[in-house]
Amino acid sequence: MSRKSSRYFEAGGLTWRLPRASRCGMLYSLLFSDPFFVSAVSAGLEGDDGDAKDRIKEAVGTGPDAAFKLAASENATGAAIGLCWAASPPRLRTKKPARMESSEDLLRYGDEVMEELDDLGYLDDPNWQTEVTSEIWSRVMKSTMPSEDKIKALVGNGLSPEVTAT
């Protein structure tokens, strides 16, 4: 398959590749496994400015677990970035795990990816983070949702006219 596949896309000045459906499903499940992740990622995706971290902190609050949950949401994003990384150069030194059997495996991998991105200076640019994170999570979510045709096939013709008109 050529690199012109719809699985490849550009964001933040780099080329990315949407992983296979099962990996996108894992990322989607990870994102929605905790309402906190949804709030943090959503807050980070709002707007095109450098205040994403402030919005995330505001969305997650200051409770005793806030710092741990914030790190976990960053690690979820790190896993998504790592699994979608197709830029060459640079290549990530962080190797994709041989096994990804749990959310903990993905979060550990995401933590390593975020550390490497920080070392490479990518995390110094909040606009880069916002653009890349927005594009990746958007594509992951779209890839896991069934198409309109598939929904129609699953549901059949049992929908009322009011539902199908919208």
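These are my notebook entries on a predicted model, going from the whole chain down to single side chains.

**Entry 1: the whole chain**

I started with the secondary structure and counted eight helices and two strands. Read along the sequence, the order is β-β-α-α-α-α-α-α-α-α. The chain has 166 residues, and 38% of them count as buried. I then looked up how far apart in sequence the contacts reach. Taking contacts between residues at least 6 apart, 66% join residues at least 24 apart.

**Entry 2: the core**

Next I went for the largest nonpolar core, which has 32 residues. Trp 16, Ile 81, Trp 85, Leu 117 and Ile 136 have the most contacts inside this core.

**Entry 3: aromatic pairs**

How many aromatic pairs does the structure hold? I found four. The one I opened up was Trp 16 with Trp 85: the ring centres are 5.1 Å apart and the planes sit at 85°, so I logged the pair as edge-to-face. Trp 16 is in strand β2 (residues 14-17), while Trp 85 is in the loop between α4 (66-84) and α5, so this pair ties together parts 69 residues apart in sequence. Both residues are on my buried list: Trp 16 has 0% relative accessibility, and Trp 85 has a relative accessible area of 10%.

The rings of Tyr 122 and Trp 128 make another pair, with centres 4.7 Å apart and planes at 35°, so that one is tilted. Tyr 122 counts as buried at 17% relative accessibility, because the cut-off is under 20%. Trp 128 is buried too, at 7%. Put together, ring pairs link Trp 16, Trp 85, Tyr 122 and Trp 128 into a cluster.

I stayed on Trp 16 and listed what it touches, skipping residues up to four places away in sequence. Among its contacts are Arg 7, Tyr 8, Phe 9, Glu 10 and Ala 11. The list for Trp 16 also includes Ile 81, Cys 84, Trp 85 and Ala 86, and then Trp 128, Val 132 and Ile 136.

**Entry 4: helix α6**

At its start, a side-chain oxygen of Asp 125 reaches to within 3.0 Å of the backbone nitrogen of Asn 127.

Which residues of α6 are buried? I get Trp 128, Gln 129, Thr 130, Val 132, Thr 133, Ile 136, Trp 137 and Val 140.

**Entry 5: Asp 105**

Is Asp 105 buried or exposed? At 8% relative accessibility, Asp 105 counts as buried. The residue lies in helix α5 (residues 103-120). Its side chain reaches the backbone nitrogen of Glu 101 at 2.9 Å. Leaving aside neighbours within four places in sequence, I have Asp 105 in contact with Arg 99 and Met 100.

Technical notes
Residues numbered from 1 in each chain as written. Predicted model: local features only at pLDDT ≥ 70, side-chain atom pairs only at ≥ 80, totals over all residues. Heavy atoms only, no water. Helix = DSSP H or I, 4+ residues; strand = E, 2+ residues; numbered from the N terminus. Buried < 20%, exposed > 50% of the residue type's maximum accessible area, 1.4 Å probe, protein only. Polar contact = N/O pair within 3.5 Å; in protein donor to acceptor, adjacent residues only side chain to side chain. Contact = heavy atoms within 4.5 Å. Phe/Tyr/Trp six-rings, centres within 6.5 Å; stacked < 30°, edge-to-face > 60°. Core = buried A, V, L, I, M, F, W, Y, C linked by side-chain atoms within 4.5 Å.
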